[in-house]
Amino acid sequence: MKTAAAALVLCTAILLESAAAFPTFERKGTAGKEKRAQFAAWDDVNVIAHGLLQLGHGLKEHVDKTKGQIREIFAKLKSFNGTVAELGRQTQKLQEDSVVLGADAQSLKYTELTVLSLSAELREKARKMQRESQKVQDRMSQLEEKVSGLLRDQGPGSSNANVSTSGSDVRIIQSVVEAQNQRIDDLVERIRQQQDKLDKQNIRIRNLQNQIDQGRAASPGLRSFLKRKVVEVARDASTEQADSPADMASDCHVLFLRGERRSGVYTVQPINSQPFQVYCEMTAEGGQTVVQRRQDGSVDFDQPWQAYKNGFGSLDGEFWLGLEKIHALSKQGSYVLHVELTDWDDKAQSIQLPFQLDGEGTNYSLHLQERPLGSVESALSSEPSGLPFSTQDRDNDSKLDMNCAKHLTGGWWFSNCGRSNLNGRYFQNIPRQRHERKQGMFWKTWRGRYYPLKSTLMKIAPVETEYDL
């Protein structure tokens with residue numbers, strides 16, 4: 001699936017490059033000066049339109065294939081629901097047969113309630129997975145409509161401007177498709193793990209049922225042993241469900257898809273990572289993971305490399321989540337960095353930056369992948385090799401004669417010290433001295449380098465939450 005998507009992107013790039021290489025027509029004016037025609041030849045435009053039409057058909061086939069995977073998921077969910085129903089019937093039969101055991105009525109009641117509770121939890125998990133699958137299917141339907149719209153727009157009369165716009169739309173759709181594919185794979189894996197656990201519990205329940213059938217006329221000692229086994233089965237099942245890594249969300253947006261709507265502290269576990277706590281901000285579009293908050297100066301952000309790597313501060317107040325955790329979250333797919341700024345007149349501004357963050361081997365280099373979203377220009381450099389992170393004890397900036405982290409305070413993706421630093425000193429009042437003001441939190445393209453901001457908030461979210469497909 002990823003190979004097909006990559007091929008489509010490569011095809012788009014070749015078509016756009018070919019369009020740029022088309023010759024133009026020249027003609028001479030009355031004064032003898034040569035003037036360049038504004039449009040390419042009609043045949044060339046037809047070639048580009050035909051290529052984009054083929055690309056659109058390829059995207060539609062990719063969407064159809066993804067819808068087939070969705071149907072497979074629903075088939076597995078149907079099987080999953082049948083297993084839950086079977087577990088309910090086995091539980092009911094276990095309740096009827098357990099009366100024969102007699103003896104300890106209090107222990108038997110505890111067992112019944114525990115098994116019933118487990119069955120209810122499993123049914124609730126099944127319903128949540130069904131809702132999540134329905135949301136994924138709705139998004140894929142919207143994506144199919146978007147592709148159909150592109151196909152309609154790519155008629156023979158499409159202009160060069162439309163060709164460029166369509167290329168941008170294709171890149172956006174490609175990013176969303178990759179993110180949706182990752183979500184589908186995660187959902188299938190969770191269903192598989194839950195199905196495995198249900199199968200194991202069914203086997204244990206059947207074995208226990210056979211022992212109960214054989215021990216109806218057995219001695220009191222054997223009946224007591226069988227009752228203890230019933231309690232152990234129910235307790236082990238509850239423990240496995242509580243500790244199952246399939247229940248751990250990979251980020252705040254997954255929590256949103258599962259029905260969480262309250263902003264607050266949650267535990268997440270990114271793919272191939274240990275679980276850790278984050279602050280999730282739930283919006284109408286989805287869940288966003290907060291990675292930095294500055295609001296009152298209660299936390300000193302002039303910290304060394306190790307502190308910025310692991311994180312510091314309080315998730316309920318000011319904090320830095322940690323470079324290693326941000327890397328673990330963002331490497332799961334295509335993510336967008338949200339930056340929210342507030343000045344001392346309580347005016348707010350925001351900017352969204354599609355990004356990628358490398359690991360510690362590259363000093364957590366930041367790559368800005370596309371143009372920013374919003375009305376404010378980016379104040380982070382977009383270098384091909386990425387922009388490494390710097391602190392007072394780890395100088396990785398581009399300034400040869402100065403350590404920007406020492407000069408401006410705090411750790412940041414510095415280029416040459418001049419465009420932004422949201423981890424600088426926090427000033428309760430704007431200093432009069434210019435050399436002090438440049439040590440504060442600033443975003444040059446909004447209020448300038450020498451204006452220390454009142455508050456900042458940095459969040460990350462999957463790229464599919466940014467586009468209304």
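The disulfide of Cys404 and Cys417 is left-handed, because the torsion about its S-S bond is about -85 degrees. This pair links distant parts of the chain, with Cys404 in helix α9 and Cys417 in the loop between α9 and β11, 13 residues apart. Helices (H or I, at least four residues) and strands (E, at least two) are DSSP runs, numbered from the N terminus. The model is predicted, so local features need pLDDT of at least 70 and side-chain atom pairs count only at pLDDT 80 or more, while totals for chains, interfaces and linings use all residues. Residues are numbered from 1 along each chain as its sequence is written, and side-chain values use heavy atoms, leaving out hydrogens and water.

The sulfur atoms of Cys404 and Cys417 lie 1.7 Å apart, where a disulfide is a pair of cysteine sulfur atoms within 2.5 Å. Both cysteines, Cys404 and Cys417, are buried (under 20% relative accessible area, with exposed over 50% and partly exposed in between; 1.4 Å probe, protein chains only).

The structure holds two disulfides. Cys252 and Cys280 form a disulfide with a sulfur separation of 1.9 Å. Cys252 lies in helix α6 (residues 252–257) and Cys280 in strand β4 (residues 276–282), so this pair ties together parts that are 28 residues apart in sequence. The link of Cys252 and Cys280 is left-handed, at -75 degrees about the S-S bond. Cys252 is buried at 0% relative accessible area, and Cys280 is buried at 0%.

In the loop between α9 (404–408) and β11 (420–421) sits Ser415, buried at 15% relative accessibility. Residues up to four places away in sequence aside, Ser415 touches Ser381, Glu383, Leu387, Asp397, Ser398 and Lys399 (contact means heavy atoms within 4.5 Å).
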